[in-house]
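Please look at the sequence and the structure together before reading on.

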Amino acid sequence: MSKSTAGGFLLLLPGVNAELIDARPGHIQLHNEAGPTPVVLSDGAYRVAEAFDGTRTAAAIYEGLRAGGVPVPNVDFVSALAQLLGKHGLAEVLEAPLAQPYTRVLSRQIESLYPLRHTCVGCGRSCEGHYIGPLQDEFLNTVDAIHEELSALYDDLVGVTPVERVSTDQGRERMVLARRDNRCIYLGVDGLCRIHKHLGAAAKPLVCRLFPLDTVQTETGIRVGVVGRCYELHRSFETAPASTPSELTGIPMEQFPAAEPRGADLRSRSRLLLNAGPGSIYASTQRLEQHLVEVLQDEGFGLRAGLEAFYATMRNPGLSDEPEDLMAGTGFGARVVELLQGFAVAMRAELEGQTILEGSHNARVVELCDFLSALEVRPLGELGEAERRYVSFVLSNEVFLRQWVNQPSLPTAFLVGLCGAMVARWRAEDAGESGETSVSEPFAYSMVAWVRTVRTGDNFVRFIGSEEVFQGLVDALGSPA
Ligand code: SF4
């Protein structure tokens, strides 16, 4: 390293390999075939080195990592690490930043549970009912010009501030698109995006162009998959052509945003312990993830099998006890229905005063709430074959892509996912749909409204209010009728 790190742009060299060291959990070895000796870093130090993308100074890396919740002692630590890696031929200090950050997937692969398939039908319902963000600088730099252009065409946009700053569940702030009646301000009455319609797909925020694809960085690599939040996904998840991430989104891989780190430990989601020891919470969460995905993908999966797997997981992994009659008496079924009704009242109250456009996400949530409010305890029901494959797809991707990170735990998220499938089956049953050969609209819309609604921490808590309530459900699953 010929230059001081101060003011220079730090780059971990493209030829560097990173390997997990089996004998030393939590440590990673970096080496460069052309360099002198390898360097062994702790997982924490590796996270810092991984941020040397050629576009940021030591100070900017320090600020960025701290903002992302990665513990870094001080900026001198970043500089000292760069010096150390430089001596070993693993890093360089550049005088000018690279045009694009050099991002890497070190000794790890991109994994997906299923081939990537999806056909967008332009229904517009993905643009409602949630924050649309985080917005990248690239879009934030152009949004004023976009807004001005569209304001000349649409009166409802005149005088509206297009973006807003919000706090996430993790207490961080991010920029999102402004909404009106729970919908993106750019969503037209015809269900089409007005940015896309007038300025082209590339003018939209990255988050919109990527949907319904999600990429997350985990300890085992980057995971990619189609998330179950699209209302029309049931039509194409098995039949659309298998695509690469770029084909699906129209975004070249090098322009993909860095995958968001989602660690297995809920106490520190942005931290990835790459080589976790066998007794650690990381390793046990990874095993549980794998187990639940296997349960969901098993051909014998169904509502009852899912609940039994959940019960065995909570009581003691490996137990083969079977829950008693699930839906009889005052047991599990009665408790779930009571919770669902309370949830429906809370959600309905939240929508009070909002415009409910026909066919919109809000309308789907209202339909679901009305159904739940009138619900009485009834037999569990069983998924038809087409429904089974759809639920398996949606819930196993929820687990695999760690969509549950805003919820209290993986087991609670799994149970809540199963409850969504129970309700969807009851609605399909009322509509006279068997779900054997195809997934009906009542089933799919119910499932998607559920998955999207319970996704946020607040709504989740509205359903399963406390640890005691959750424990009560577990007990009820195994108590005599
Ligand atoms: S910008 Fe367009 S695609 Fe993105 S949420 Fe708004 S309407 Fe939908």
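The paragraphs that follow treat a loop residue, a pair of helices and the surroundings of the ligand.

This is a predicted model, in which local features need pLDDT of at least 70 and side-chain atom pairs count only at pLDDT 80 or more, while totals for chains, interfaces and linings use all residues. Residues are numbered from 1 along each chain as its sequence is written.

Asn-32 lies in the loop that joins strand E3 (27-31) to strand E4 (39-42). Helices (H or I, at least four residues) and strands (E, at least two) are DSSP runs, numbered from the N terminus. Asn-32 is buried because 20 other C-beta atoms lie within 10 Å; the term requires 20 or more such atoms within 10 Å of the residue's own, with C-beta atoms placed from the backbone. Leaving aside residues up to four places away in sequence, Asn-32 touches Leu-13, Gly-15, Val-16, Gly-89 and Leu-90, where contact means C-beta atoms, placed from the backbone, within 7 Å.

Helix H1 (residues 43-50) packs against helix H3 (residues 75-87) at an angle of about 85 degrees, and their axes are 10 Å apart. Axes are lines fitted to C-alpha atoms, for helices over the stretch in contact, and angles run from 0 to 180 degrees between N-to-C directions. H1 is therefore roughly perpendicular to H3, a term for angles of 65 to 115 degrees. Ala-45, Val-48 and Ala-49 in H1 meet Val-78, Leu-81 and Leu-85 in H3.

Around the ligand stand several residues, including Cys-127, Cys-184, Cys-193, His-196, Lys-204 and Cys-208; each has its C-beta atom, placed from the backbone, within 6 Å of the ligand.

Notes
A residue is buried if 20 or more other C-beta atoms lie within 10 Å of its own, exposed if 12 or fewer, and partly exposed in between; C-beta atoms are placed from the backbone. Two residues are in contact if their C-beta atoms, placed from the backbone, lie within 7 Å. Angles under 35 degrees count as roughly parallel, over 145 as roughly antiparallel, 65 to 115 as roughly perpendicular and the rest as oblique.
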